[in-house]
Amino acid sequence: MGFFGWVILIFCILVALAVLILIIAIKSAKPHEDAVWHDRKRTLFGLPWSFTMYELTGDRIFVQSGFLSMREEEIRLYRVLDVSFKASIGQRIFGVGSVILETSDKTAGNIELQSVKQARKVKEMIAAKVEEQRDKKRVVNREIMAGVDDIGDDVDMDDLN
């Protein structure tokens with residue numbers, strides 16, 4: 001076997017390994033059984049060529065990332081404080097956008113579901129599920145609407161609740 005024969009053989013082995021790794025990565029990233037929505041982060045031209053996957057179940061959001069080593073972040077929906085949407089001009093051209101979740105989760109903090117299809121619909125779906133879970137868990141978010149200057153020295157802060 002000559003030099004070019006070895007080059008072709010090595011190239012074929014590398015391609016086969018790459019395809020095998022890709023198949024393993026795709027198979028291992030199956031959605032949960034009770035997922036109501038799932039999508040991948042979309043990169044070039046709005047195509048799902050990423051190893052970051054997002055899932056929404058009845059009570060949690062999962063963010064799974066990584067190729068050879070995977071990392072999965074889980075956020076309980078009742079911990080989500082605010083849901084917002086943003087889309088750059090490039091994202092709007094390709095029909096994607098990002099959903100930002102402000103959470104009270106100490107490890108997750110704020111989460112951005114980057115470049116997902118129909119991001120506005122996803123935002124509304126997540127917001128509805130968040131409200132459903134907050135009602136189910138009886139989680140109440142208390143906000144003080146008065147500013148510091150509006151409160152006199154003789155007002156007890158406990159009276160505002």
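A residue counts as buried when its relative accessible area is under 20%, and as exposed when that area is over 50%. The legends below use these words for a predicted model.

**View 1. The length of helix 3.**
Helix 3 covers residues 119–137, which makes 19 residues. At 1.5 Å a residue, the helix should span 27 Å. Its end C-alpha atoms lie 26 Å apart, which agrees. Arg138 follows helix 3. The phi of Arg138 is positive, near 60°.

**View 2. The buried face of helix 3.**
Which residues of helix 3 are buried? They are Ala119, Val122, Lys123, Ile126, Lys129, Val130, Gln133 and Arg134. Look down the axis of helix 3: these buried residues fall within an arc of 135°, so they line one face of the helix. On the other side of helix 3, the residues Arg120, Lys121, Asp135 and Lys136 are exposed.

**View 3. What the buried face packs against.**
The buried residues of helix 3 pack against several strands. Among them are strand 1 (37–40), strand 2 (53–56) and strand 3 (60–65). Strand 5 (80–86), strand 6 (96–103) and strand 7 (111–117) are also packed against by these buried residues.

Strand 2 and strand 3 pair in the antiparallel sense. How many bridges does this pairing run over? The pairing runs over four bridges. Tyr54 has its bridge partner in strand 3, and that partner is Val63.

**View 4. An aromatic pair.**
A pair of aromatic rings is described by two values: the distance of the centres and the angle of the planes. The count here comes to one aromatic pair. Phe3 and Phe4 form this pair, with 5.6 Å centre to centre. Their planes stand 70° from each other; planes over 60 degrees apart count as edge-to-face, so this pair is edge-to-face. Are these two residues buried or exposed? Phe3 has 62% relative accessibility, so Phe3 counts as exposed. Phe4 is exposed too, with a relative accessible area of 65%.

How values were computed. Residues are numbered from 1 along each chain as its sequence is written. This is a predicted model: local features need pLDDT of at least 70, side-chain atom pairs count only at pLDDT 80 or more; totals for chains, interfaces and linings use all residues. Side-chain values use heavy atoms; hydrogens and water are left out. Helices (H or I, at least four residues) and strands (E, at least two) are DSSP runs, numbered from the N terminus. The expected span of a helix is 1.5 Å times one less than its number of residues. Buried means under 20% relative accessible area, exposed over 50%, partly exposed in between (1.4 Å probe, protein chains only). The arc is that of the directions from the helix axis to the C-beta atoms. Contact means heavy atoms within 4.5 Å. Two strands pair if DSSP finds at least two bridges between them. Rings of Phe, Tyr and Trp (its six-membered ring) pair if their centres lie within 6.5 Å; planes under 30 degrees apart count as stacked, over 60 as edge-to-face and the rest as tilted.
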